[in-house]
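I opened the notebook on this model to look up its side-chain pairs. Entries follow in the order I checked them.

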Amino acid sequence: MMSKGILGLFAAAVLATGLSSAAMADMGPIEARQACMKANGAAMKVMVPIIKGEAAYDKAAVDKALADERAACANWADSFGDDTKPGGAIKTQAKLEIWTDRAGFEAATATFITARDALAATTDEASFKAAFPAFGQSCQSCHEKYRAAD
């Protein structure tokens, strides 16, 4: 039988997940993809210091960061309808190339997902450090072609 403390933590986690999912559902597609990118940035803030040797490897922190990013980006494919092109009411850093080079953008997205999943599958510091460069490169190459500068 679960202790009351563990049961309470479980209930809080379920509630938080439900609330964050509900909040994501209330977002429009541009806001949802911006939330995804913020979650990706937050994950990088956990992982880059490990790569640089500025922080100790922490598998639990890496796993949480990647799980949070995955949850925030769950509707990524639905976030780029024609009604979300640059120039609308909501400022976006998405470049028009996302819509004019859809095959390239989808390929870049697939490369990112593959690299993220490989990173999430790592089991120790050595495998994490070996998988991270492909993940970082997938972010950089997509941003170079499909994201406008600040």
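I started in helix α3, where Lys 64 and Asp 68 are four residues apart, so about one helical turn separates them. Their side chains meet in a salt bridge, 2.6 Å from N to O. My rule for a salt bridge is a side-chain nitrogen of Lys or Arg within 4 Å of a carboxyl oxygen of Asp or Glu. Lys 64 is exposed at 52% relative accessibility. Asp 68 is partly exposed at 38%. I call a residue buried under 20% relative accessible area, exposed over 50% and partly exposed in between (1.4 Å probe, protein chains only).

A note on the source: this is a predicted model, where local features need pLDDT of at least 70, side-chain atom pairs count only at pLDDT 80 or more, and totals for chains, interfaces and linings use all residues. Residues are numbered from 1 along each chain as its sequence is written, and side-chain values use heavy atoms, with hydrogens and water left out.

Next I looked up the fold. The chain has six helices and zero strands. Helices (H or I, at least four residues) and strands (E, at least two) are DSSP runs, numbered from the N terminus. Of the 150 residues, 29% count as buried.

Back to charges. I count seven salt bridges by the rule. Which residue does Arg 116 pair with across the sequence? Its partner is Glu 69, with the closest N and O atoms 3.1 Å apart. Arg 116 sits in helix α5 (residues 102–120) and Glu 69 in helix α3, so the pair ties together parts 47 residues apart in sequence. Arg 116 is buried at 8% relative accessibility. Glu 69 is buried at 1%. Arg 116 also bridges to Asp 117, at 3.5 Å between the closest N and O atoms. Asp 117 is partly exposed at 31%. I noted a network of salt bridges linking Glu 69, Arg 70, Arg 116 and Asp 117.

Then the rings. I found nine aromatic pairs in the whole structure. Rings of Phe, Tyr and Trp (its six-membered ring) pair if their centres lie within 6.5 Å; planes under 30 degrees apart are stacked, over 60 edge-to-face, the rest tilted. Tyr 57 and Phe 128 have ring centres 5.6 Å apart and planes at 45 degrees, so I logged the pair as tilted. Tyr 57 lies in the loop between α2 (29–51) and α3 (59–72), and Phe 128 in helix α6 (residues 125–146), so parts 71 residues apart in sequence are tied together. Phe 128 also pairs with Phe 132, tilted, at 6.0 Å centre to centre and 45 degrees. Both of these Phe residues, Phe 128 and Phe 132, are buried. Tyr 57, Phe 112, Phe 128, Phe 132 and Phe 135 form one aromatic cluster.
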